[in-house]
Amino acid sequence: MTNLLVKWFVKDYKNVEDSRVRTAYGVLSSLTGIVCNLILFVVKLAVGAVLRSISVVSDAFNNLSDAASSIISFVGVKLAEKPADKEHPFGHGRIEYIAALIVSFLILEVGWTFLKSSVDKIRNPEELSFNLVSVCILCLSVGLKLWLAFFNRKLGKRIDSSVMKATAADSLGDVLATGATIVSVLIYGLAHVNIDGYIGLLVSVVVMWAGFNIAKETLEPLIGSAIDPEVYDRITRFVESYEGIIGSHDLIVHNYGPTRSMASIHAEVPSNVDVMESHELIDRIEREAKEKLGLFLVIHMDPVETDNPEVIRIRGLVEEVLCQLDPNLHFHDLRIVQGPNRINVIFDIVVPYSLSARETAELKEHIQQRVSERDSRCKCVITVDKAFDRR
């Protein structure tokens, strides 16, 4: 069913790197969500009125909020499609994240409203009426919502959309909530025990938890999240695949919306190669990164000495020391300044964010001590960097 809808409504559906194709997926997801949730709202509201059940009614209005969320997502996806302009040179892609954030606040508000209603229902319980037909209708709604969850998850994975994945998680939360409501009605029908208020409380908590997770998911790219290791490796491999590039470091990726990213990276080139030749290579990599990765890439060129025996010796010495201290440590931008009695060894090391200032200072002292043990003339001048990916 999912593949059929995609083929009907998304032209060139396999080209998921195209922003227009991605927008078409977003529109399909939003419209499907609007239709399904409106159907569920009407059905559950009618069932809730018949059963006089706060948990069913709360579940119905949760579906209405989901329909409103789909409308906001639809508007957000369409606005995010707008091209760059003078005021927004990086495009409008982040509007999609803002729309998802608004959706999360709506979900939280609905959950909070029915949390208060459920507490009141616990304090002042009302009689329920059991209707097997209504229970069957609720079971059908669980099936529809479960399909919607898998539908959004599949589309989200296909275009790598955090918003769709969050929507899928919200739909699964609705499945649990409606399932709990069914249990409440069945228990009343079989044992005449009214736990409707408690189930409504559970439903409201599930709804608010889904809203919180969506807010967290969408705030990360707005605040500025770490680079996904797969993205980091893909860009690094791309740059280092060119003959004339001997290494890279300090990759930073800025996200301005799905499929809209810019990045900067330091690329190491041999210092004995003509600077104009290296510059031409860097320009070519930047152009082809735009064509092949859809990425606006800015490359800083770092010349590295590859034929100086003393530099090669000291680089190996530093590499050996760092490997003994911690195999995960790595360094870059090594250069030496030789004096009559001392060699300044200047380089950067990359350490994890978990390392405190005191631990970092101790690490630098250990490196200096180990290097001096191997060559007493060496004085390390170390700059500490933090990694920008999630590893």
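User: Where is the place of Asp-250?

Analyst: This is a predicted model, in which local features need pLDDT of at least 70, side-chain atom pairs count only at pLDDT 80 or more, and totals for chains, interfaces and linings use all residues. Residues are numbered from 1 along each chain as its sequence is written, and side-chain values use heavy atoms, with hydrogens and water left out. With that said, Asp-250 is found in strand β1, which covers residues 247-255; strands are DSSP runs of E with at least two residues, helices are runs of H or I with at least four, and both are numbered from the N terminus.

User: Why does Asp-250 count as buried?

Analyst: Buried means under 20% relative accessible area, exposed means over 50%, and partly exposed lies in between, with a 1.4 Å probe and protein chains only. Asp-250 has 19% relative accessibility, so it counts as buried.

User: Why does Asp-333 count as partly exposed?

Analyst: The relative accessibility of Asp-333 is 23%, and therefore this residue counts as partly exposed. Asp-333 belongs to strand β4, residues 330-338.

User: What is the phi of Asp-250, and what is that of Asp-333?

Analyst: Asp-250 is not a glycine, yet its phi is positive, at about 55 degrees. Asp-333, also a residue other than glycine, has a positive phi near 55 degrees. As background, most residues other than glycine have a negative phi.

User: In which sense do β4 and β5 pair, and over how many bridges?

Analyst: Two strands pair if DSSP finds at least two bridges between them, and β4 and strand β5 (residues 343-351) pair over 7 bridges in the antiparallel sense. Within this pair, His-330 stands opposite Val-350 in β5, and a hairpin of 4 residues joins β4 to β5.

User: How does the radius of gyration of the protein chain stand against that of a compact globule?

Analyst: The radius is taken over C-alpha atoms, and the globule rule is 2.2 Å times the number of residues to the power 0.38. For 391 residues a compact globule would have a radius near 21 Å, but the protein chain has 29 Å. Along its principal axes, the C-alpha trace spans about 95 × 45 × 35 Å.

User: How many helices and strands does the whole chain have, and what share of its residues counts as buried?

Analyst: The protein chain has 11 helices and 6 strands, and 45% of its 391 residues count as buried.
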